[in-house]
Amino acid sequence: MLHESAIFLAAAVIAVSIFKRLGLGSVLGYLAAGALIGPSGLRLIKEVEGTLHFAELGVVLLLFLIGLELHPSRLWKMRGMVFGLGGAQVGLTTAVVTLLGRALGAPWTVALVAGVGLSMSSTAFATQILGEKNELAMPHGRSAFGILLFQDLAAIPALALIPMLGPQPATSSGSSSTHALVVVGVLAGLILTGRFLLRPAFRFIAQARSHELSIASALLVVIGTALVMTQVGLSMALGAFMAGVLLAGSEYRHELEANIEPFKGLLLGLFFIAVGMSANLRMVVERPIAVVGLVVLLVAVKLGLLFALGRTAKLDMKSSTSLGVSISQGGEFAFVIFGVARGAGVMARETVELLIVVVTISMALTPLLFIARDRISERLATKEERAFDEIHDDGSRVIIAGFGRFGQIVGRVLRLKHIPFTALDASPTHVDFLRRFGNLIYYGDASRVDLLRAARADRAEVFVLAIDDPEAAMRTLRVVQEHFPHLKIVARARNRQHAYALLDAGVKTVIRENFAGSVEAAQAALEELGMPTGEARSTVRKFAEYDEAMVRKVYVHRNDEKALVESAKHYAEELERIFEQDARSD
C-alpha cells in the first residue's frame with residue numbers, strides 16, 4: 001500500500017507539474033498520470049476498481065463544498081434552471097444518441113442505455129475547471145451546475161430501470177413503491193438531522209477546542225451522509241451536496257470549508273488518476289476510427305445541443321459556447337450505468353469497454369476545448385477591437401491615465417474645483433459603463449504617443465498615472481518621460497514593488513493606493529480600544545511618515561532579497577525604539 005501511494009504521488013507531482021507548465025491544466029495531467037501507471041500503460045498499478053471507488057470520495061467532498069456555497073433559498077431559486085435546462089439536456093441528448101445508435105446498427109436497448117449514460121457529464125471535471133477559471137458564478141457556470149445537479153438526480157431512476165431492459169427483467173414490482181418510500185424517508189430524515197442536530201453537534205465539538213476533532217467531525221458528516229445514501233441506492237455525491245446545502249447558513253461553514261479543502265484536492269486528483277487508469281488504451285490502437293469517430297460525435301452532439309439550450313435560455317453567444325464547452329464530455333456516472341447494464345446483460349463487455357474509452361477521452365478533451373475557446377475569444381477580440389476615441393482638447397491642465405477607482409476620485413476632486421482634465425482608459429467596456437453615469441472619458445491607450453499628443457499632453461501640467469496593471473503603468477511612464485518631460489507626474493502604486501519601480505524611474509510623488517486607508521483604519525482601531533483621538537492620530541502619523549521614508553530608503557535594495565529583509569528588520573526595530581522612547585517621555 002505504501003509502495004502504491006508513492007507511485008500515485010510521484011506520477012501526480014511529475015505529470016501535473018509538466019501539464020501546468022504547458023498550460024494544459026491539472027486535470028489533464030492527472031489523467032495522463034493515470035494512463036501512464038495503469039494497466040494499459042506501465043502496469044505499475046493493477047487494481048483500478050478499488051482505487052476508483054475510494055477516489056470517488058473526492059467527488060463527494062467536492063459536492064459537499066459546493067453545497068456549502070448554496071443557501072437553500074438560493075437553491076430553490078435555481079429550480080427552473082435545474083429541472084428546465086437540466087431536464088431538456090438529458091432528454092434531448094438521450095434521444096439524439098439513441099437515434100444515432102440505432103442508425104449505427106445497435107439494438108434499441110443498447111442504444112437507449114448508451115444515450116442515457118452519455119447524456120451524463122462529469123461533475124468533477126466541469127466544476128474543477130470552472131472553479132480554476134473563476135467561472136462558476138458566471139451565467140454559463142450557474143447553468144452548467146444546474147444541469148449537472150439534474151443529471152445526478154436523473155441517474156437514480158436510470159440505475160433502477162436499466163436492469164429491467166435485460167433478457168430476464170425483474171418481475172417483482174412490489175418493492176419499487178417500498179423503495180420509493182424509503183428514499184423519501186431518508187431524504188426527510190437528512191433534512192431534519194441537518195436542521196436540528198448538526199448545528200448543536202458542531203457547537204458541542206467546538207467547545208473542545210481541538211482542531212483534529214473538528215476535521216474528524218467534518219469528514220464524518222460527509223462520509224456518513226454518503227454511506228446512508230448508498231444504502232438506499234442514491235448517489236453519494238448527491239447526499240453530500242444536500243448535507244452541504246443544509247449547513248450553508250451555519251456559522252461553522254467557513255471552518256468546514258477549511259477542514260475539507262485539503263482532503264478534497266488530494267482525493268479529487270486521485271479520482272482523475274483512477275479515471276485515466278480505467279481507460280483500455282489498447283482499444284484505441286485496435287479500433288482507432290471507431291474511438292475517434294464516437295468521441296467527436298459525442299462532443300459535437302452535446303456541445304451543439306447545449307449551445308442551442310443556452311441560447312433558448314437567453315444566454316449570449318459567448319456564454320452559450322462556454323456552457324457547451326464545459327459539460328460536453330461524458331461523466332463518471334456513465335461508468336456506473338454501463339457497469340450495471342453489463343451486469344444485467346443489456347450490453348456486451350466489448351461495447352462497455354469501447355464506451356468507457358470514449359467517455360474517458362471526451363473528459364481529456366475538456367481542458368483542450370477550454371484552451372481553444374480562450375484563444376479563439378482572444379483572436380475575435382483582437383479583430384473586433386474598436387478604434388480609439390477622437391479626443392477634443394478643451395484646455396485640460398491634467399491628464400488622468402486609468403479611470404478606475406483611484407483615477408475617478410482624483411477626477412471628482414478636480415471637477416469640484418473646476419479644474420479641466422482629460423481621462424483616458426484602455427478598457428472599452430469600462431469606458432462605456434462610466435459614460436452611462438455622465439463621465440467624460442476617452443477610450444485609448446495612454447502609452448501611445450499619438451494619443452497623448454491628441455490629448456495635448458504638450459500643454460498639460462500634471463499627469464496622473466492611475467493604471468491598474470503595473471507593467472502597463474511603467475510602459476506609459478517611460479513614454480511620458482521621454483516625450484513630455486515637462487509633465488509633473490503623480491503615480492499610483494499597487495504595492496511596494498511597484499512603488500520601488502516608480503521611485504527608481506525618478507517619480508517623486510508616489511501614492512500607495514491602500515496605505516492611506518489602512519492607516520486611517522489603524523487609527524480607528526486604536527480609538528475603539530480607548531486611546532484618545534489625539535494620541536491615536538499622532539501614533540499613526542509618526543508611523544506613516546516613518547514608513548514612507550523607509551520605502552524611499554529601502555527601494556535601492558529592491559533586487560537584493562537578503563539586503564531587503566535585513567533593512568526591513570532594521571527599520572522595524574528602529575521604529576519600535578522610537579515609540580518606546582515616546583512612551584517613556586510621556
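## Close-up views of a predicted model

**View 1. Helix 15 and the residue that follows.** In this predicted model, the buried residues of helix 15 are Val291, Val295, Leu298, Val299, Val301, Lys302, Leu305, Leu306, Leu309 and Gly310. An α-helix makes a turn every 3.6 residues, so residues three or four places apart point the same way. Just past the end of helix 15 sits Lys314, with a positive phi of about 70°. Lys314 belongs to the loop that runs between helix 15 and helix 16 (317-326). This lysine is exposed, at 78% relative accessible area.

**View 2. Another positive phi, at Arg456.** Most residues other than glycine have a negative phi. Arg456 has a positive one, near 60°. Look for Arg456 in the loop between helix 21 (449-454) and strand 4 (462-465). Its relative accessibility of 23% makes Arg456 partly exposed.

**View 3. Helix 6, mostly tucked away.** Helix 6 covers residues 108-119, and its first and last C-alpha atoms are 16 Å apart, close to the 16 Å expected. Ten of its twelve residues are buried, so helix 6 is largely enclosed by the rest of the structure. Among the buried ones are Val110, Val113, Val116 and Leu118, along with Gly115 and Gly117.

**View 4. A nonpolar patch on the surface.** Val13, Ile14, Ile18 and Leu22 make up this patch, and together they have about 400 Å² of accessible area. Ile14 is part of helix 1 (residues 2-21). With 52% relative accessible area, Ile14 is exposed.

**View 5. Inside the second largest pocket.** This pocket has a volume of about 610 Å³. Its lining takes in 25 residues, and those nearest the centre are Phe8, Leu9, Leu266, Leu267 and Leu270. Helix 1, helix 2 (26-37), helix 3 (49-68), helix 7 (123-132) and helix 13 (253-278) each give two or more residues to the lining. Helix 13 has the largest share, with ten residues.

View 6. Side chains of opposite charge can pair when their charged atoms come close. Here, Arg373 and Glu135 meet with 2.8 Å from N to O. They come from distant parts of the chain, 238 residues apart: Arg373 is in helix 18 (residues 349-383), while Glu135 is in the loop between helix 7 and helix 8 (139-161). Arg373 is buried at 12% relative accessible area, and Glu135 is buried at 7%. Asp374 joins these two in a network of salt bridges.

View 7. Arg397 pairs with Glu461, their closest N and O atoms lying 2.9 Å apart. Arg397 is in the loop between helix 18 and strand 1 (398-401) and Glu461 in the loop between helix 21 and strand 4, so the pair ties together parts 64 residues apart in sequence. Both ends are partly exposed: Arg397 at 40% and Glu461 at 37% relative accessible area. Then there is Arg492, which forms a salt bridge with Asp468, the closest N and O atoms being 2.8 Å apart. Arg492 lies in strand 5 (residues 488-493) and Asp468 in the loop between strand 4 and helix 22 (470-483), so this pair links parts 24 residues apart in sequence. Arg492 is buried at 4% relative accessibility, whereas Asp468 is partly exposed at 44%.

Key. Residues numbered from 1 in each chain as written. Predicted model: local features only at pLDDT ≥ 70, side-chain atom pairs only at ≥ 80, totals over all residues. Heavy atoms only, no water. Helix = DSSP H or I, 4+ residues; strand = E, 2+ residues; numbered from the N terminus. Expected span 1.5 Å × (residues − 1). Buried < 20%, exposed > 50% of the residue type's maximum accessible area, 1.4 Å probe, protein only. Patch = residues over 30% accessible without salt bridge, like charges linked within 9 Å, V, L, I, M, F, W, Y side chains within 5 Å. Areas by Shrake-Rupley, 256 points an atom, 1.4 Å probe, with all protein chains shown as cover. Salt bridge = Lys/Arg side-chain N within 4 Å of Asp/Glu carboxyl O. 1 Å grid on protein atoms, 1.4 Å probe; cavity = no way out; pocket = protein on both sides within 12 Å on 5 of 7 lines; lining within 4 Å. Points joined across faces, edges and corners; volume = space filled by probe spheres on them.
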